[in-house]
Amino acid sequence: MDVLTLAEANLISPPILFFVLGLIAAFVRSDLSIPEAIAKALSLYLVMAIGFKGGAEMAAGDLNWSVGGALLAGVVLSALLPVLGFGLLMLTTRVGRIDAAAIAAHYGSISIVTFIAASDAARFLDTPGEGFMVAVAAAMEAPAIVTALILAGSAARASNGGEGHSESRLSVLKEIAANGSIVLLIGAFFIGWMTGPRGMEAVSPFFNDIFRGVLCLFLLDMGLVAGRGLLRNWRVLKPGVIGFGLYMPVIGALAGMGTGLLVGLEAGSLGLLMTLAASASYIAVPAALRLALPEARPAISLTLALGITFPFNLVAGIPLYFWLARLVTGTGG
């Protein structure tokens with residue numbers, strides 16, 4: 001299958017079409033909305049389902065060196081991608097150092113929703129990843145934030161500021177560790193791992209049969225959120241910043257491809273690692289940076305991550321990444 005065939009297959013999948021419907025509804029200023037409590041419940045379900053299924057799949061397979069290699073690759077990518085993103089922003093845009101560091105943190109960390117969509121697309125495209133990629137996703141949340149704080153000069157200010165700044169950094173680490181999505185993802189992963197295929201069989205109607213329907217409803221809400229965010233904050237997105245939101249995912253994906261090949265990932269897992277490296281956080285990182293970099297302007301980073309990069313990855317990025325993953329691993333072209 002070539003990249004156009006994969007893109008077409010992805011574009012006509014119901015979850016992507018419901019996301020596009022949400023965008024259209026937002027742009028025409030429809031009053032369509034998903035109640036916040038329901039949207040939260042959908043998010044919790046999806047994170048729990050992907051964590052549990054990943055753990056069950058890992059229990060059914062054999063542990064190998066790819067697991068440790070993939071975890072190391074994910075941590076390295078999360079720590080180093082913000083450095084590259086920060087440099088590009090400083091060279092190509094007029095955003096300040098603090099805002100550049102904040103944006104770079106979003107692009108070094110990951111979007112768990114993009115990962116869920118990619119996992120679903122991988123099965124739809126008949127290129128599923130291995131269960132341990134759930135653990136890789138969790139490992140990639142925090143390193144980018146630490147790198148961003150260093151880039152913003154927080155480390156220097158902290159060394160001169162005394163105990164208060166140390167407490168602030170500790171609060172940020174606690175915020176990351178206690179993030180609800182990460183706690184649920186890791187917890188569900190270990191439950192799935194402990195119960196294995198027998199546990200998966202017992203809850204299959206809940207985690208398998210309705211998964212895609214819930215994903216459709218959730219992505220409809222994400223389309224509404226992304227579209228309304230663009231309408232509200234489009235003035236903060238200058239051409240250079242918009243360009244960054246489109247080319248940085250591709251750069252991240254290529255970096256993910258290189259590191260994934262080094263640790264010997266198969267096509268499905270390689271496509272997922274590329275997607276993780278290409279994604280941009282809009283949940284965990286904003287919460288942490290609210291404490292760590294309160295002077296950063298979240299309207300820029302959030303609108304860029306959710307309004308530009310997230311739609312790009314869903315519509316064009318994911319099929320491109322999996323096509324490349326198949327191509328370089330020799331499993332399809």
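1. Ground rules. Residues are numbered from 1 along each chain as its sequence is written, and side-chain values use heavy atoms, with hydrogens and water left out. Because the model is predicted, local features need pLDDT of at least 70 and side-chain atom pairs count only at pLDDT 80 or more, while totals for chains, interfaces and linings use all residues.

2. Salt bridges in general. Side chains of opposite charge can pair when their charged atoms come close. A salt bridge here is a side-chain nitrogen of Lys or Arg within 4 Å of a carboxyl oxygen of Asp or Glu. The structure holds three of them.

3. E57 and R123. These two residues form a salt bridge, with the closest N and O atoms 2.5 Å apart. E57 belongs to helix α3 and R123 to helix α6 (residues 112–124), so the bridge ties together parts that are 66 residues apart in sequence. Helices are DSSP runs (H or I, at least four residues), numbered from the N terminus. E57 is partly exposed at 32% relative accessibility, and R123 is partly exposed too, with a relative accessible area of 37%. On this scale, buried means under 20% relative accessible area, exposed means over 50%, and partly exposed is in between (1.4 Å probe, protein chains only).

4. R212 and D120. Helix α6 also supplies D120 to a salt bridge with R212 of helix α12, at 2.5 Å from N to O. The two residues are 92 residues apart in the chain. R212 counts as partly exposed at 28% relative accessibility, whereas D120 is buried at 9%. Another residue of helix α6 is I116, which is buried with a relative accessible area of 2%. The C-alpha atoms of I116 and A49 are 9.4 Å apart, and these residues are separated by 67 residues along the chain.

5. R297 and D99. Here the closest N and O atoms of the salt bridge are 2.8 Å apart. R297 sits in the loop between α15 and α16 and D99 in helix α5, so the bridge ties together parts that are 198 residues apart in sequence. R297 is partly exposed, at 47% relative accessibility; D99 is buried, with a relative accessible area of 9%.

6. Aromatic pairs. A pair of aromatic rings is described by the distance of the centres and the angle of the planes. Rings of Phe, Tyr and Trp (its six-membered ring) pair if their centres lie within 6.5 Å; planes under 30 degrees apart count as stacked, over 60 as edge-to-face and the rest as tilted. The count by this rule is 12 aromatic pairs. One of them is the edge-to-face pair of Y45 and F206, at 5.0 Å centre to centre and 85° between the planes. This pair links helix α3, which holds Y45, to helix α11, which holds F206, across 161 residues. Y45 is buried at 7% relative accessible area, but F206 is partly exposed at 41%.

7. A pair within one helix. The rings of F189 and W193 have centres 6.0 Å apart and planes at 50°, so this pair is tilted. Both residues are in helix α11, four residues apart, which means that about one helical turn separates them. F189 is buried, with a relative accessible area of 4%, while W193 is partly exposed at 32% relative accessibility.

8. The ring cluster. Ring pairs join Y45, F52, F206, F207 and F211 into a cluster. K53 lies over the face of F211, 3.9 Å from the ring centre. For this to count, NZ of Lys or CZ of Arg must be within 6 Å of the ring centre and within 35 degrees of the ring normal.

9. The largest pocket. A pocket is an open set of points on a 1 Å grid over the protein atoms alone, where a 1.4 Å probe fits, with protein on both sides within 12 Å along at least five of seven lines; lining residues have an atom within 4 Å of a point. The largest pocket holds about 980 Å³ of space, a volume being the space filled by probe spheres set on the points. Its lining has 38 residues, of which V225, Y282, I283, L302 and L306 lie nearest the centre. Helix α12 gives the largest share of the lining, 11 residues.
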